[in-house]
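My plan is to go from the overall fold to the ligand, and then to a few single residues.

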Amino acid sequence: MAGVTLRGVRKAFGPLQTIHGVDLDVGDGEFVVFVGPSGCGKSTLLRMIAGLEDVTAGEIAIGGRVVNDVEPADRGTAMVFQSYALYPHMTVGQNLSFGLRMNGNPTADTERRVAEAARILQIGPLLDRRPKALSGGQRQRVAIGRAIVREPEVFLFDEPLSNLDAELRVQMRVEIARLHGELGTTMVYVTHDQTEAMTLADRIVVLRAGRVEQVGRPLDLYDDPVNQFVAGFIGSPR
Ligand code: ADP
Ligand code: MG
């Protein structure tokens with residue numbers, strides 16, 4: 001397991017400054033949720049932690065190791081996106097094992113990891129199906145399963161439930177909480193859903209235009225937002 005540290009992290013896309021110096025410590029095993037309006041930089045921050053975007057300035061460390069120059073595959077992170085992007089021609093089992101097989105992971109270990117992910121997500125009976133024969137919620141489970149089989153030190157979720165209908169979103173939220181409870185792995189989770197943030201987070205990070213507006217435990221932010229902007233995002237009555 002590993003925490004994540006951001007020190008003075010900035011991001012520019014050409015002349016456009018997007019992230020303006022973010023400092024943050026995510027504890028080992030902590031569940032931290034990023035919230036903020038569309039375009040405030042939530043995905044960019046997550047992608048920089050994953051190594052899918054370069055850091056323009058500052059430092060990112062995972063488990064105490066600076067990873068600015070470490071390849072995405074070697075960071076110990078696994079990311080779950082809003083779009084499932086499952087391989088349509090492969091079965092669920094093949095979708096789960098594909099990355100490990102490509103990396104030359106030993107077959108027995110791959111099988112063990114796929115079985116474990118299937119157990120955790122209760123998708124064992126679906127392993128021989130193809131994605132088109134799955135419901136939206138089942139597809140999202142497979143997408144999370146693909147992250148689990150990597151046995152990451154840090155899970156990164158970018159609005160993983162926003163394509164699901166309201167009822168399924170609640171179900172999957174409970175699943176993700178259970179996953180965190182069972183594995184105890186560090187999680188950084190982006191959402192624009194207040195309920196998701198309030199119920200999942202150990203701490204919430206409220207972002208505004210590329211800066212951290214406030215960080216705190218859900219009830220502390222609710223009871224004591226630093227300003228109207230935070231209050232609006234957390235849903236506190238003021
Ligand atoms: P959020 O996930 O909070 O909606 P993003 O991190 O996607 O926000 O985007 C933050 C800002 O960075 C936005 O202004 C967006 O237009 C810009 N941005 C994101 N990715 C790129 C890119 N590849 N090139 C240029 N600008 C980008
Ligand atoms: Mg985004």
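**Overall fold**

I started with contacts: in the protein, 66% of the contacts with a separation of 6 or more are between residues 24 or more positions apart. For me, two residues are in contact if their C-beta atoms, placed from the backbone, lie within 7 Å.

A note on the source: this is a predicted model, so I took local features only at pLDDT of at least 70 and side-chain atom pairs only at pLDDT 80 or more, while totals for chains, interfaces and linings use all residues. Residues are numbered from 1 along each chain as its sequence is written, and chains are lettered from A and ligands numbered from 1 in the order in which they are written.

I looked up the secondary structure next and found eight helices and 10 strands. These are DSSP runs, numbered from the N terminus, with helices being H or I of at least four residues and strands being E of at least two.

I then checked the dimensions. The C-alpha trace spans about 50 × 40 × 30 Å along its principal axes. The radius of gyration is 18 Å, which agrees with the value near 18 Å for a compact globule of 238 residues. That radius is taken over C-alpha atoms, and the globule rule is 2.2 Å times the number of residues to the power 0.38.

For burial, I found that 39% of the 238 residues count as buried. Buried here is 20 or more other C-beta atoms within 10 Å of a residue's own, exposed is 12 or fewer, and partly exposed is in between, with C-beta atoms placed from the backbone.

I also looked at the record: UniProt, in an unreviewed entry, places the feature "domain: ABC transporter" at residues 4-234. Its positions are in the numbering used here, feature names are shortened, and annotations may be inferred rather than shown by experiment. Over residues 4-234 I read 37% helix and 26% strand, with the end C-alpha atoms 24 Å apart.

**Ligand 1**

Which residues are around ligand 1? I listed Phe13, Leu16, Thr18, Gly36, Ser38, Gly39, Cys40, Gly41, Lys42, Ser43 and Thr44. A residue makes this list if its C-beta atom, placed from the backbone, lies within 6 Å of the molecule.

I sorted this shell into three nonpolar, seven polar and one charged residue. In that scheme Ala, Val, Leu, Ile, Met, Phe, Trp, Tyr, Cys and Pro are nonpolar, Asp, Glu, Lys and Arg are charged, and the others, Gly among them, are polar.

β2 (16-26) and α1 (42-50) each supply at least two shell residues, and α1 gives the most, with three. The buried residues of α1 are Lys42, Thr44, Leu45, Leu46, Met48 and Ile49.

The largest nonpolar core has 63 residues, and Val33, Ile49, Phe155, Leu156, Val188, Tyr189 and Ile204 touch the most other members. Such a core is a set of buried Ala, Val, Leu, Ile, Met, Phe, Trp, Tyr and Cys residues joined through C-beta atoms within 7 Å. I followed Val188: beyond its neighbours within four places in sequence, Val188 contacts Val4, Val26, Val32, Leu46, Ile49, Val154 and Leu156.

In α2 (92-102) I found Val92, Gly93, Asn95, Leu96, Ser97 and Leu100 buried. Their cover includes α3 (107-121) and α4 (136-148). Gly104 follows α2, with a positive phi near 75°.

**Single residues**

Setting aside neighbours within four places in sequence, I found Leu161 in contact with Arg169, Met172, Arg173 and Glu196.

Glu159 sits in the loop between β7 and α5 as well. Its phi is positive, near 45°, though Glu159 is not a glycine. Glu159 counts as buried because it has 20 C-beta neighbours inside 10 Å.

Gln122, in the loop between α3 and α4, also has a positive phi, of about 55°. Gln122 is exposed, with 11 other C-beta atoms within 10 Å.
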